[in-house]
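Good morning. Let me put the structure up, and then we'll walk through it.

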Amino acid sequence: MTLEQSARVAEIPPSGIRRFFEIAEERDDVISLGVGEPDFSTPWAARDAAIKSLELGKTSYTANRGMRELREAIAEYVTRFDLAYDPDGEIIVTTGASEAVDLAFRAFVDPGDTVAVVEPAYISYGPGVTFAGGEVLPVPTREEDEFRLTVDALERAGAADADALVYCYPNNPTGAVMSETDLEPVAAFAREHDLAVFADEIYAELTYEGEHASIAAFEGMRERTVVFNGFSKAHAMTGLRLGYALAPESAVDAMNRVHQYSMLSAPTTAQYAALEALASCEGEVESMVEQYDRRRRFVLSRFEELGMPCFEARGAFYVFPTVPDGFDCETFAEELLREKGVAVVPGNVFGAGGEGHLRVSYATGLDDLREALARIESFLTERDLL
Amino acid sequence: MSEREVLELLRENARYGTDDIARITGLDEDDVEATIAALEEAGVVRGYQAVVDWDELEDERVRAVVELNVTLDRETGYADIASRLARFPEVTALRLVSGDYDFDMEVEGDSIREVSRFVSEKVAPVPEITQTVTHYVMTAYKENGIEFGDGDEDDRLSYSP
């Protein structure tokens, strides 16, 4: 047999961002607001714990579901979001939250099942559903709703007939959050139409002006929900690749069956780092959140001054400004990169609902943010847009 | 608590404009200016200076940390000795500390000779000073919260999902 790609793989379009990489390579003064990961390093205590674990030779596999102490620490940690999960049966530690998402699609989606994907969305959900043989049903959210998911949006998209719903709040790429009040009708919709819910809460800790709410905490939702979270964003551990899923025991069993034959166990060194991160790095997390919040206010107020409207994002580390009239988001992003060396991601990469917007990450120091916004200002001035 | 926030930002970078501080804190620029003025007025903010890594400069700059032991008597307290020492322009920092010695004094000069001469001719003879121990700074790794390494290169990809 020749190495001809499978039909499923062939169905996935190549990344829309690749050509931007090449343009960025041509300049050496690029300020990137295109990154989806923290600019902070992992808190030192967590790195130190990882190093110590290596010195002690802790380099074997762990239990498939992850080290018991870590699952216990996770169970304790998620109580802050009003979530109660049993470390023995209801938590599985994964290689990044991305693995958890993939496990859920493979464990619960049958060929022909429809998964409603709330857009603009993190780019992995659609392909993940496709790899699992499911059908993607986009559910666009709108700027006038501050990119929150509404029952109206679900109904318009026809999600009542779907089998499952996947979303990410606080949202990548918009920075939108869902309050308890916002979630309530969505939970009711899921119960009424018998939808499984895959709730990606990787940015939960990065919620400003308010508390993160989880849909799994609503009555009648726990049994139909898988919650994804991890250490990449709040604990600045992207490269350590560590996440987890929370779900009822039978659901974790199903995910674990896929996991034990594919990943076997999440990286052991990273598990030691994560254990320490939960044990002693709360202060550093708080300080990072405070830094993000400062930058968020700075960036929002600059875009407002530049006449690029931007709803008040209250989560993750993104804002989602609108490009000026006469531009599509790709042209704007490309010209801004070529002329001013500022990298932002065109919103349409995250689904059709993102057209006309830019994803601007503020996971970058204030000095660079100030410079980047000054360059955007001069870009607009040169075009008489300001 | 806006005062505290403004102070933190100035400590992070005293060159943030009042417009940027206003954007970051959500205060009006006028309020930021008033807050800074009040902090200066009250003597909370005593000045603004550059943090210099002398190793990167061709010209030599010699710095020393000097431990001072003193004896007090009825007429002379720590503050009296301190105000006498602090008047010397060579003294860049002076603190009363706990532990084995009394004052921790930082001195700057253009050469080791100049600094040594200052300590032996101007400081040691002060009657209340019983002992001086001079430590010359060999390398500075961090000053005022700023690390002097080459900096952590941002090795993140310029785009990531």
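Let's start with the second largest pocket. Strand E3 (114–119), helix H6 (125–131), strand E4 (135–140) and strand E11 (345–346) of chain A each give its lining at least two residues. Helices (H or I, at least four residues) and strands (E, at least two) are DSSP runs, numbered from the N terminus. The largest share of that lining comes from H6(A), with three residues.

A word on the ground rules. This is a predicted model, where local features need pLDDT of at least 70, side-chain atom pairs count only at pLDDT 80 or more, and totals for chains, interfaces and linings use all residues. Residues are numbered from 1 along each chain as its sequence is written, chains are lettered from A and ligands numbered from 1 in the order in which they are written, and side-chain values use heavy atoms, with hydrogens and water left out.

Back to the pocket. The space in it is about 770 Å³. Its lining has 32 residues, and the closest to the centre are Ile12(A), Pro13(A), Ile123(A), Pro127(A) and Val349(A). By type, the lining splits into 17 nonpolar, nine polar and six charged residues. Here Ala, Val, Leu, Ile, Met, Phe, Trp, Tyr, Cys and Pro count as nonpolar, Asp, Glu, Lys and Arg as charged, and the others, Gly among them, as polar.

How is such space found? Rolling a probe the size of a water molecule over the atoms shows where empty space is left. On a 1 Å grid over the protein atoms alone, a cavity is a set of points where a 1.4 Å probe fits but cannot get out. A pocket is an open set with protein on both sides within 12 Å along at least five of seven lines, and lining residues have an atom within 4 Å of a point. Grid points are joined across faces, edges and corners, and a volume is the space filled by probe spheres set on the points.

Now the cavities. How many reach 30 Å³ or more? The count is two. The largest cavity holds about 80 Å³. Among its lining residues are Tyr167(A), Tyr169(A), Pro170(A), Glu201(A) and His212(A). That lining has seven nonpolar, two polar and two charged residues.

Keep an eye on Pro170(A). The peptide bond from Tyr169(A) to Pro170(A) is cis, with omega near -10 degrees. Pro170(A) sits in the loop between strand E5 (164–168) and helix H8 (180–192) of chain A.

The second largest cavity holds about 50 Å³. Its lining includes Tyr77(A), Glu205(A), Phe231(A), His235(A) and Leu278(A). Here we have seven nonpolar, three polar and one charged.

Pro120(A) lies in the loop between E3 and H6 of chain A. Then there is Arg241(A): its phi is near 55 degrees, a positive value in a residue other than glycine. Arg241(A) belongs to the loop between strand E7 (225–230) and strand E8 (243–246) of chain A.

On to the interface. Chain A brings 33 residues to the contact and chain B brings 18 (contact means heavy atoms within 4.5 Å). The area buried between the chains is about 2,100 Å², and carbon and sulfur atoms give 48% of it. Buried area is the accessible area (1.4 Å probe) that two parts lose on being put together, summed over both. In chain A, Phe21(A), Arg294(A) and Arg370(A) lose the most area to chain B, together 28% of what that side buries.

What about charge pairs? Side chains of opposite charge can pair when their charged atoms come close. A salt bridge is a side-chain nitrogen of Lys or Arg within 4 Å of a carboxyl oxygen of Asp or Glu. Between chain A and chain B there are five. One joins Arg23(B) to Glu305(A), at 2.7 Å from N to O. On the chain A side, helix H2 (18–25), helix H11 (282–305) and helix H13 (366–382) give two or more residues each. H11(A) has the largest share, eight residues.
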